[in-house]
Amino acid sequence: MKRNYQIAVISKGAFARTIRIYAPDKCDRAVIFADGGAWFDGDDNIVALAKRLKIKNTALVGIDSNESTRLADFLPFPVEKSDFEFPEGGGGAESYRDYIVTTLVPYLIKRFSINRFAFLGKELGCGAALTLAACEKRLFEAFCFICPPLFVSPAAFDGFLKSAKFHDAKYYIHTAAPIGESFLRPVPRILFSACGMSVAAALTASGVSSILLDTNEKDADGKPAAPVSKFLKMFASLAK
């Protein structure tokens, strides 16, 4: 299948990541995705979805990760021991955030004249999204958290949520999407719902005024819930 996006390797010093970029004509905003390959590969990829939804003004940008980098990229602290046989790692999310803020975003602004940004994280990628949402430099207008797994480091995440100051943007938290791809043992769905509520409570405590917590497994038409579609439509419709 012909690739429908561009690929670039963008680096800051020794920190380099492969970036996948779909930039339609006249785009003025971009959604950045953690775990880019998972979103851009396959026949039913994120670009095909955006075209099907007729979203014309939004670039899609994926940051690739692999098994050796994703834990460090996504978690701001090491993984705690748990019942889910989760591998050790974590602690580099601030470097990942710095790369996005000081290297990737300026690159997109310069190359495509994009000046509005959103970030989407799924499962472990929610750790990166939370770290970015607590950044002092406020470049992002919207965040999407799909099944945040706070249980991989419950004590550390609890301290992080209590101390972080999240900036006032639009937040969409979805806890009923297909889950468990990152874990060696099945994770009860109720755990993701509890994590989503904890994130929503922390955002509220920071004074965030726009939070949508979505726990529905099906849309009104009976089809499986589509959190990414909802988020893309929401961000594309935001007025300047």
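Visitor: Which residues form one aromatic cluster?
Guide: F117, F119, F140, F143, F145 and Y171 do. Rings of Phe, Tyr and Trp (its six-membered ring) pair if their centres lie within 6.5 Å; planes under 30 degrees apart count as stacked, over 60 as edge-to-face and the rest as tilted. This is a predicted model, where local features need pLDDT of at least 70 and side-chain atom pairs count only at pLDDT 80 or more, while totals for chains, interfaces and linings use all residues. Residues are numbered from 1 along each chain as its sequence is written, and side-chain values use heavy atoms, leaving out hydrogens and water.

Visitor: How many aromatic pairs by that rule?
Guide: The count is 15. Take F33 and F40: their ring centres are 6.4 Å apart and the planes stand at 90 degrees, so this pair is edge-to-face.

Visitor: Are those two buried or exposed?
Guide: F33 is buried at 0% relative accessible area, and F40 is buried at 1%. Buried means under 20%, exposed over 50% and partly exposed in between, with a 1.4 Å probe and protein chains only.

Visitor: New topic: which ring does the charged end of R29 sit over?
Guide: That of F235, 5.7 Å from the ring centre. The criterion is NZ of Lys or CZ of Arg within 6 Å of the ring centre and within 35 degrees of the ring normal. R17 likewise has its charged end over the ring of F15, 4.2 Å from the centre.

Visitor: And where's F235?
Guide: F235 is one of the buried residues in α8. That helix spans residues 227-236, and seven of its ten residues are buried. Helices are DSSP runs of H or I, at least four residues, and strands are runs of E, at least two, numbered from the N terminus.
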